[in-house]
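Please keep the sequence and the model in view while reading.

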Protein chains: 2
Amino acid sequence: MPQSAPSPRTRVRRLPERAHYDAATVAAIVDAAMICTVAFQIDGMVHAIPTIHWREGNHLYIHGAKASRMLKALTESEACVTIALADGLVLARSAMHHSMNYRSVVIYGRFELVTDPAHKLASLRAFIDGLYPGRWDTLRPITDKELNATGLLRIALSEAAAKVRDWGVKDDAEDLDWPVWAGVIPLRTVAGEPLTEADSVGQTVPPTRFG
Amino acid sequence: MPQSAPSPRTRVRRLPERAHYDAATVAAIVDAAMICTVAFQIDGMVHAIPTIHWREGNHLYIHGAKASRMLKALTESEACVTIALADGLVLARSAMHHSMNYRSVVIYGRFELVTDPAHKLASLRAFIDGLYPGRWDTLRPITDKELNATGLLRIALSEAAAKVRDWGVKDDAEDLDWPVWAGVIPLRTVAGEPLTEADSVGQTVPPTRFG
C-alpha cells in the first residue's frame with residue numbers, strides 16, 4: 001500500500017500506521033458504506049449532513065432535491081466527505097487500550113453538478129441496482145419530471161485518505177496477565193425480516209447487498 | 001414533539017415533517033450511535049473526522065490524544081456534530097420513492113475542554129461502562145499519566161436537531177398496482193462471535209450493548 005498522502009490536508013497525523021492512500025482501499029470502503037457525512041460551509045459556518053452515497057469509478061455520488069441548500073452550497077465551496085464503518089469492539093486489560101476496529105475515509109474536494117440527463121439516468125440506475133441488483137428494470141419507469149427534480153452531485157476520490165484498524169488487542173506488556181477478558185467483538189450490519197406493504201403481498205422480495 | 005428549532009441553523013429545511021427538536025429524541029439517538037462525525041474549520045478549511053462518542057446528561061463527549069490537531073481546533077471554533085443510523089431500506093414501486101429509514105442528529109456549538117481530573121475520570125468510566133456494563137472496575141486501574149494524556153471534550157446538546165424516518169413506503173397512488181415488491185427491509189447492527197486474545201483464554205467475555 002502506498003503511504004504517501006495525495007495532499008497535505010489528507011495526511012493522517014494521528015496513528016499514521018493506520019493510513020491508506022491507495023485508490024483500491026478508498027473505493028472498497030466507499031462501497032462498503034451506504035451513508036456518508038458531507039461537511040461544507042455556508043457564510044463561514046460549518047454544516048455537516050449525513051446522506052446516502054454510491055460510487056462510480058473514481059467518484060462518490062450523492063443526490064437530493066435540486067432546490068436544497070446543501071446541493072447549492074456544495075457547488076460553491078470546498079467540502080469534506082467522511083465515511084466510517086464500525087467493525088469491532090476492542091477490549092483491552094486497561095481502559096487506555098480499549099479501541100475499535102473500523103474503516104474510515106475522508107475525502108476533500110469540490111463537488112460538481114451532474115446535469116446531462118443521460119448521465120443522471122445511468123447514475124440513478126447504478127445507485128438503485130447497486131443496492132438491489134436488477135431492480136431498476138422492474139420499477140415504474142422514471143419520468144422526465146422526476147429526473148429533472150433530482151439533483152446529482154459527484155466528488156472525485158483522488159484527494160482521499162483511508163484509516164483502518166483491523167487487528168487485535170495491543171495491551172502494555174506488563175498488563176497481559178491482568179485477569180480480565182481481552183479480545184475483539186466483531187460488529188456487522190444485517191438485514192431483518194422484510195416488512196411487505198399490505199398492497200404488495202405476493203410479490204417477491206428482492207435481494208439486497210445485505211443478503 | 002415540539003416542532004420549534006432551538007436556533008435558525010438547526011431548523012430542518014428539507015422534509016421538515018421528519019424533524020424533532022426535543023431533548024429526549026436527540027438523547028436517544030446519541031445513545032443509540034457509537035460513532036459521530038465532528039466537522040470544524042482550521043484556517044477556513046472544513047475538516048470532518050469520525051470519532052467515538054458517549055453522552056452524559058445534556059452533553060456529548062469525545063476523547064482523543066491531548067496533542068491532536070482536532071482537539072485543539074475544536075476549542076477554538078464552532079463545530080457541527082453529525083450522527084446517522086441506518087434503520088431500514090425502503091423499496092418503492094418507483095425509483096423516486098425509494099428511501100431509507102434512519103435516525104440522525106445534527107448538533108451545533110462549541111466544544112469545551114474538560115480538565116478537572118475527577119470529572120475526566122468519572123467520564124471515562126461512564127464511557128467504558130456505557131459500552132460494557134461494570135467493566136471499569138475489572139480493568140487494570142488507569143494511571144495519572146494516562147488520564148493526563150487523554151483529552152476530553154464535550155458539547156452541549158441544546159442546539160440540536162434530530163431527523164427521523166420510521167415509516168413504510170410512500171408511493172404515488174397511481175403506482176400502487178405496479179407489479180413489484182414494495183416494503184421495508186430493516187437493518188441492524190449485531191455482535192459476532194468474540195475473538196479472544198490467545199493469552200486471555202479462560203476469562204469471561206463481558207456483555208456489550210449489542211448483546
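This is a predicted model: local features need pLDDT of at least 70, side-chain atom pairs count only at pLDDT 80 or more; totals for chains, interfaces and linings use all residues.

**The axis and the interface**

Residues are numbered from 1 along each chain as its sequence is written, chains are lettered from A and ligands numbered from 1 in the order in which they are written, and side-chain values use heavy atoms, with hydrogens and water left out.

Two copies of a chain are related by a rotation about an axis and a shift along it.

The contact (heavy atoms within 4.5 Å) takes 82 residues from chain A and 82 residues from chain B. Because 100% of the interface residues of chain A are also interface residues in chain B, the copies meet through the same surface. Chain A and chain B bury about 7,100 Å² between them, 64% of it on carbon and sulfur atoms; buried area is the accessible area (1.4 Å probe) that two parts lose on being put together, summed over both. In chain A, the residues that lose the most area to chain B are Val46(A), Arg140(A) and Trp181(A), together 10% of what that side buries.

**Polar links across the interface**

Between chain A and chain B, 36 residue pairs are in polar contact, both residues being at pLDDT 80 or more. A polar contact is a pair of N or O atoms within 3.5 Å; within protein, one must be able to donate a hydrogen and the other to accept it, and residues adjacent in sequence count only if both atoms are side-chain atoms. The side of chain A that touches chain B divides into 48 nonpolar, 20 polar and 14 charged residues. In this division Ala, Val, Leu, Ile, Met, Phe, Trp, Tyr, Cys and Pro count as nonpolar, Asp, Glu, Lys and Arg as charged, and the others, Gly among them, as polar.

Gln41(B) has its place in strand β2 (residues 35-42) of chain B; strands (E, at least two residues) are DSSP runs, numbered from the N terminus. A polar atom of the Gln41(B) side chain lies 2.7 Å from the backbone oxygen of Gly44(A). Leaving aside residues up to four places away in sequence, Gln41(B) touches Gln41(A), Gly44(A), Met45(A), Val46(A), Ala73(B) and Ser77(B).

The interface also holds 6 salt bridges, a salt bridge being a side-chain nitrogen of Lys or Arg within 4 Å of a carboxyl oxygen of Asp or Glu. One of them joins Asp199(B) to Arg93(A), with the closest N and O atoms 2.8 Å apart.

**Strand pairing**

Two strands pair if DSSP finds at least two bridges between them. Thr196(A) has Gly183(B) as its bridge partner in β10(B).

Within chain A, an open sheet of 4 strands has the order β4-β5-β9-β8, with antiparallel pairing. Its edge strands are β4 (54-56) and β8 (112-113) of chain A, each pairing on one side only. β8(A) is joined to β9(A) by 2 bridges, and Glu112(A) stands opposite Arg154(A) in β9(A).
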